[in-house]
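Here are a few notes on charged side-chain pairs, written to be read with the model open.

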Amino acid sequence: MSAVLQDPQLMEVNPPLVRSEDYHDLTEQISGIVEGDVIKTPTKYWITLAVTASITGLLGAMLAYLLSTGIGVWGNNRPIGWAWDITNFVFWIGIGHAGTLISAILFLFRQKWRTSINRSAEAMTLFAVMCAGIFPLFHTGRPWRAYWLFPIPNTDLNLWQNFRSPLIWDVFAVSTYFTVSLLFWFTGLVPDLATLRDRTTNKVKQVIFGLLSLGWRGSARHWSHYEKAYLILAAISTPLVLSVHSIVSFDFATSVIPGWHTTIFPPYFVAGAIFSGFACVMTLLLIARWTLNLQNLITMKHLENMNKIILVTGSIVGYSYACEFFIAWYSGDIYERFTFLNRAFGPYWWAAWSMYSCNVFIPQLYWFKRMRTNLWVMFAISITTNIGMWFERFVIIATSLTRDFLPTSWGYFHPTWVDMCTFLGTIGLFLTLFLVFARFLPMIAISEVKGVLAVQKHQFSDEEVMAK
Amino acid sequence: MSLISIQTPNVTGKKYWRSLNQLANTTEFREWVHHEFPANATEMLDGNSRRTVLKLMAASFGLAGLAACSRPVEHIFPNSAGTEADNYLPGEPFHYATVMSIAGHVTGLLVETHDGRPTKIEGNPDHPHSLGAATAIQQAIVLGMYDPDRSSKVLQGGRESTWPALESAVQKLALGDGAGLRFLSGFVSSPTLDSLRAGVLKKFPKAKWVEYEALARDNELAGANMAFGQPLYAHPKWDKAKVIVALDHDFLNLDAPTPFFTLAFSKRRRVGSDEDLDKMNRLYAVESQFSLTGANADHRLRLKGSEVRQFAIDLAAALGAMPGLNVVNNGGSADKRARFLAALAKDLKAAGPEALVVAGPRQPASVQALAALINEKLGSECVTYTKPVIDKSSSGVAALKALAGEMSAGQVSTLVMLGGNPVYSAPADLQFAVALSKVATSIHLGAEDDETAAAATWHIPEAHVLESWGDEASSEGMAAIQQPMIEPMYGGKTAAEIVSWVTTGKFTKSHDIVKNYWLPQFAASKEQGDKEQIWRKALHDGVVAASKTVEPIKVTVDAKKLASALAAEPQVAAAGIEVGFYPSSSAWDGRYANNGWLQEAPDPISKLVWGNAAMISPKMARDHKLTDGDVVSLTRGNFKMEATVMIQPGHSDDAVSIALGFGRQRCGRVGKGVGSNANLIRTTDGFYFAPGFTLAATGKREDLATTQERGTGDNQEGRPLAREGSVEEYKKNAKFVEEMAEVPEVHSIYSEFVYDKGNQWGMAIDLTSCTGCNACVVACAAENNMPVVGKDQVMRGREMHWIRMDRYYSGDENDPEVIEQPIPCMQCENAPCENVCPVQATSHSPEGLNDMAYNRCVGTRYCANNCPFKVRHFNFLNFHKHEPEIVGLVYNPDVSVRMRGVMEKCTYCVQRIEETKIKAKQDGRREIRDGEIKTACQQTCPAEAIVFGNINDPNSRVSKLKKQERNYAMLAELGIKPRTTYLAKLRNPNPELTA
């Protein structure tokens, strides 16, 4: 056992990243959540799952209604062709970026603290992208023809797509993102699935985990391939963090509409995505940590680091807002100036100010250590950040459309109950998937955390070295 | 191609034998068989082989016709060139000339038919009141023909009955000497009907025939009577006048159900060259409600309807037209009024023979007479007077009042109502419904199962204008024959048929009545041919060349007599709020309330759809603490109505304007319950405007549906979108239009596509001549199979008009200026919509059109988001879902009907472009002549404001217009290069009033 862990005084100064007696305890703790008969799962889980599943059912009903009746069941109109549909799309995709950043970018930067959170963050990315993907498909007027957006031979019209359209770039970006994230996540899962395969006595589980773990034996060769594959996938995923949301921002940046037509969007959106993604990871992990007693593995250090990233990205977002206002004024363009004044003081001022307070002002609390180490504050801010980021997309997308060039085509957008239930339904879908993941797959990357534990176990404090 | 009607001579309307068996039993058939097959006839008709024979002969029965049978044949003649029955290609349209009259305003029409049914109305270029143009209401008439709620059955006491029952009832009528026989019709402008009437009144000396219109020309005649001692029609020569004063006359829109006035006015308004700048006319409008005439006026004075009379007197006094009269100068804002009057008088004097003062039909006879007086004093050569050819002595509110009195007293045993809806549109104090119940037998011929149909003893479905034989003559005497394009779909009858049937007991078809009236009038000659040929030519052309135009007569006003008549008139008490009653730009007087295209076409000034509102000025709203949507009650004595308030900048204070034609209770699915019924407070003593009303808030609220956001959508926000200036400004600096926006040069790394080969389509819209009447909006809806979305969807912002009319206010809210701007698709060369469509559903044609491929569209709506003009429209729902099948017959087969989830927009009428290109190719030529292709909006525009053509041809009209200095492209600074450009609006203000 490390001297550090045994010495309370040293622990104050240099807290360990994870606290675990030894490797076996670690495996026991994490696998324990997954193992155990399905029937013996606590009732609380089933109740929660039932709630989220029924909300997911609501999503299904709303989509069926939309499919049968048309986009008119939403509040979209002329001029607001995109409202909650694309806002939700960007919102969910944005959330996904945190997962990839934690998994890939922090990996390349050798930030060991990522290991407790990367698995769930990656899973969150996948589920978020799934929720996001619903919208480009269903927001079309004729979703049964949506396959025309893909470069597959179609016998009906046999036409290529329009590669100049940002929506096609979206198709490629999002599908690439999903594919790569899935591969990366799955690759990382393989050793842990093998652990579960080896531990389980249930025949069914043996077969399932056996198939999924692809014959992993834990040999040095396997580990060597694993490390290389992981590194390559991390390297591929890293640019995706920047490119995918940049492409998504091009949906707006390449248009002519004031409020959309601006080159600041790629970095602005990426920063915002990471910002909201981390907040979402925070929300999920705080809940998981508390319900599953993972406080020793997801420690205050992890949480504090995440909050620091939230502060940084939130400040970048705040800077971007200021930049937009400045450029609107500096440009002298009457349409641009009007758009920003309209944002702050027009009919959607309440949305804009929610956005500013949640995204810029509130996260500034994290300058104070007391704030960024307080669990309740963290939880609250993670929620407000996501609310604020949802409003940011709404303000950009919908309010820019409400008032553009010709005042005679100005309009107002009211969400219908279908809009709201659809969004709620995607939240239900997301939570359901996450709950299923948490119950049936290891939430924490056992093998990776063991790596951190190994370093901790075998590191000596300065005093110890001096003492020797 | 001739129209063959297989009608049996009886009236029941049974046209077709229901089975071969039935045919086999008719005497005609039996005779024919005996004639054709003398040997076997008996066997074939009654023997065993009868069935076999009938089966074998079935096909030939259908095709060959039974020549020995006597069936009346009615021939219609198309206007289209080179049309012979054997050249007929299914799918090719035919055009037929016809004519229609709305309350005495006659317009010639050309109707496009496909496969034997009318699909589109255009103006008749050969008719002097149309010259190819048609108004919004006229464009929408064709939809009324396929109205699923059209009257299709005989009703007795409002309940379904049968033709035989009606027949027996008519036979039982004991008309005697006509003591109890009364006729009530609308404005009679048909020479045939007039001659029938003369016959009827001769046969039944004690009978009476009353003409009543909710919006009538009676004041015009009464005014002439007051001025000249005899009733005369006034014919303003709008194109000859340099200074025009419209005294409460919305001649550019509501008071003109004919395109003629706009047509003539715009001739001298249009600025084609610099010489035109000096010739440009100047319009002054004096009115209460804000109308399009006021919007297009160079100067506008707002006065209540009742205050116009004093203004006219003051103007006469200022011009010295009435000795002994002094300028009183009260009403309105005194200072503004005085300045206006002084400058106006000076301008009129200077214009002399080119001056024109017109009084609107809603102004009383005194104002009409004063206008005549002033014109005469000025020596105006811009108005002529003619005697009415058709007698109007029994026309108007007073005549209706007398009739209602007789009805209530039980003196009327038979009342024949020919068209109209008097139970709905008669003034409330006459209590027409009650009076009608006291009539022993009332027969109503009507187009709808309406309020009158429910109250009358008998209701007969009326044939639609496009199904009728008839004729109409304008007030100058120019006559035209009305020919049907299709047989009456529900066996509807025309007024002439009913009059002749009721009074003679014998049913004569309209065709015969009309032809028998006209043939004797024709004089056969070498050049004209025989009478039949003259008749055919009349049908072909749409005008009867032989009709005698009435010569204008020379009359002078007796100024002294007029002065004493004016002095003797009782003065209207000024207390309380004045309510003015106006035609509706959609329903007129209520007869078009069930027309979806019209209900959805926005009011040109207020942009209100699917309803009417009590229009009040901003000041009045503040005084009464009212906002848009508050429901108020208007009360005067026993008469009360509730209406929704709408604030109208520029409206006169302490006055309320409300459109007639709404609040229909017994109406089809479109018009029922839409808006509020202003007839409830309309009385005979305040027919067009009445003071003494009290306005009270009810606390209720009602949503108003407008196509432009109220308040925020009204202001241009300093953006150079609809550009305007004065003629003086333009003369000083012709480039001022261009200078309103800075258009940076496009520095592209790509070489731009050069559109220099073949036809390059472009459009120029002249804002100076455009009055904002919305005829283009409805024409486009008719041509391109536009869905009607309904009030709720319009409130959600989903109306589908491919061309819309934008209206901006500027200046003081009490006296704003208005500019109207039609917005079709700009067909940008660098279209922002094309780049962003993921499936390439919208792409650019080599001729410069931005094409829309409906079957490729998946409906992501990015193109609509990226359009800076927001001219793209998405089918959010299946807007055709609840459409009855019959409405589908009105659709233009050359344009697809779009399904749910697909984007649509203006295509520059690509179907017309392609049709002409094909024709040119077939003719062996490649060049398309300038003006050969007319987009629907261009074709119908009475002001010729929209010009479409080939910009690659420097001699085309559109190229010449685009070369004008005042030509500009909207939002050119975005680098989109729109093909639709605008010619800035030039106003011609009086320098004395702008100082």
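1. Glu324(A) and Arg343(A) form a salt bridge, with N to O at 3.7 Å (the term means a side-chain nitrogen of Lys or Arg within 4 Å of a carboxyl oxygen of Asp or Glu). This pair links distant parts of chain A: Glu324(A) sits in helix 11 (residues 300–331) and Arg343(A) in helix 12 (residues 334–345), 19 residues apart. Helices here are DSSP runs of H or I with at least four residues, strands are E runs of at least two, and both are numbered from the N terminus. Glu324(A) and Arg343(A) are both buried (under 20% relative accessible area; exposed is over 50%, partly exposed in between, with a 1.4 Å probe and protein chains only).

2. A word on the source: this is a predicted model, where local features need pLDDT of at least 70, side-chain atom pairs count only at pLDDT 80 or more, and totals for chains, interfaces and linings use all residues. Residues are numbered from 1 along each chain as its sequence is written, chains are lettered from A and ligands numbered from 1 in the order in which they are written, and side-chain values use heavy atoms, leaving out hydrogens and water.

3. Over in chain B, Lys607(B) pairs with Glu820(B) in a salt bridge at 3.9 Å, N to O. Lys607(B) is in the loop between helix 23 (596–600) and strand 22 (608–609) and Glu820(B) is in strand 32 (residues 817–823), so the bridge ties together parts 213 residues apart in sequence. Lys607(B) and Glu820(B) are both buried.

4. Shared partners join Lys120(B), Glu122(B), Glu783(B) and Arg912(B) into one salt-bridge network. Over all chains, the search finds 68 salt bridges.
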